[in-house]
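Hi everyone, thanks for coming. Let me put the model up on the screen, and then we can walk through two parts of it together.

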Amino acid sequence: MKNKTQNVPLSINPTYKKGQDLAGLRSSNMALVLSTIWQNAPTSRAYLAKKTGLAVSSVTRLIRQLVENDLVVEAGKGKSSGGRTPKLIMPNPNAGVVLSIDLSSSSLRGGVFNAFNQEIFVEQIPFTDLGSGPLTDQIFSMLDSLQSQSGMQGQKILGIGVSTPGVIDAKNGVVLEAYNLHLSNYPLQAILEEKYHLPVNIQTDTSVAAIAEKYYGSAQDFDRFVYLLVSNGIGFGIYLNGQLYEGENGIPGRSGHIIVDRNGPVCICGNRGCLETVANRPAIISNAKRILKNNRDPILQEVIDGDSGSLSLQHITHAAEAGSNFAMELIRTTADHLAFAMRNTSVAMGIQNFVIGGEASIDLGPLFLESIREYLRYYQKFDPAINVVPTQLGYDSFLKGVSLMTLQQVFGISN
Ligand SMILES: [Zn+2]
């Protein structure tokens with residue numbers, strides 16, 4: 001029989017200290033049990049034994065150590081399947097809190113999550129300015145505000161998680177390139193560690209959203225799927241066979257630069273017609289403004305009340321719902337480009353399931369999703385059907401996902 005402990009870290013990350021000897025925690029079986037509790041809580045010792053392949057006596061001993069270290073608590077009684085009613089256990093929500101920051105949306109969002117990754121508090125403020133200096137100041141003030149307003153009642157802060165767009169070096173916590181935020185080689189982890197003296201975990205927005213959807217959202221039943229982020233940028237978070245796909249050098253890909261139109265607009269990467277040049281929010285808005293400039297659409301004109309400067313994706317959605325052919329065509333063209341890239345990804349990787357999220361996809365709503373499905377049906381021909389579902393967590397996927405990954409890092413558990 002395959003040794004089931006092979007795929008988990010060999011040691012519990014010793015970041016979590018309670019003044020006790022954690023030697024007993026630093027075992028692969030402990031990590032396995034803790035991961036399994038996380039994924040199945042509340043759960044029983046018998047179920048954990050069955051799921052992990054460990055003896056019930058071993059599971060019981062490991063749980064005793066987890067309880068002694070405040071990482072796991074008793075959670076009442078479960079249903080009996082004939083014998084005694086089993087005592088249930090779950091991760092201890094009061095083991096501390098994580099502060100999370102989301103740089104992927106059009107406002108700066110921050111949240112406080114307990115040690116079982118339940119949301120305690122979320123707030124957002126508009127970005128005042130971009131670039132490393134202004135962003136650092138805003139992140140500091142957001143973190144300070146989270147600490148003071150969250151009602152943490154003196155709870156231990158376990159770590160800080162940051163979800164960011166762009167290309168990152170997750171190992172060193174450096175944002176290598178995030179065009180939309182005007183960042184390059186931005187050593188955010190070092191900056192936050194120096195000020196807060198806490199473990200800091202910087203992750204790509206697409207990856208954290210994928211893991212959040214897998215644990216809590218639309219992707220719970222998928223063993224492999226792509227989370228497609230459509231926002232100011234476009235990107236894929238790829239979940240394969242029980243884990244996030246990391247890619248070469250920890251970079252899971254730059255899917256916004258999949259070419260969908262060889263004769264399309266010039267992209268920042270030097271090519272023409274990358275997905276981001278034709279289907280991200282700025283591309284949709286600028287196409288809509290061109291239509292408005294030529295005064296070709298009275299419905300869209302009316303929806304924005306003559307003020308093209310205020311034009312948003314929600315305006316385009318409202319106009320399409322009110323019967324604007326131009327607005328509908330904008331949505332359909334965007335959907336076409338995305339479906340084209342999704343179909344090619346699906347046949348290349350053998351992935352059938354996609355979760356679509358990000359601000360732009362949320363703003364464009366059901367009409368957009370239906371258009372994507374329609375184009376997927378058109379492109380799939382004899383391919384196996386592609387299933388695309390909307391995000392279940394919406395904007396919260398970034399904060400909740402990076403908080404989860406930070407807890408996993410602090411406790412040394414695998415996903
Ligand atoms: Zn490009």
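Let me begin with a question: is C274 buried or exposed? C274 is buried, at 0% relative accessibility, where buried means under 20% relative accessible area, exposed over 50% and partly exposed in between, with a 1.4 Å probe and protein chains only.

A quick word on what we are looking at. This is a predicted model, where local features need pLDDT of at least 70, side-chain atom pairs count only at pLDDT 80 or more, and totals for chains, interfaces and linings use all residues. Residues are numbered from 1 along each chain as its sequence is written, and side-chain values use heavy atoms, leaving out hydrogens and water.

Back to the metal. The zinc ion is coordinated by H257 (ND1), C267 (SG), C269 (SG) and C274 (SG), at 2.0 to 2.3 Å; donors are N, O and S atoms within 2.8 Å of the metal (3.2 Å for Na, K and Ca), and water is not among the atoms, so sites may look incomplete. In sequence, the donor residues follow the spacing H-x9-C-x1-C-x4-C. H257 is buried as well, with a relative accessible area of 17%.

Six of its six residues are buried, so β12 is largely enclosed by the rest of the structure. F225, Y227 and L229 cover one side, and V226, L228 and V230 the other.

Thanks, all!

Technical notes
Helix = DSSP H or I, 4+ residues; strand = E, 2+ residues; numbered from the N terminus.
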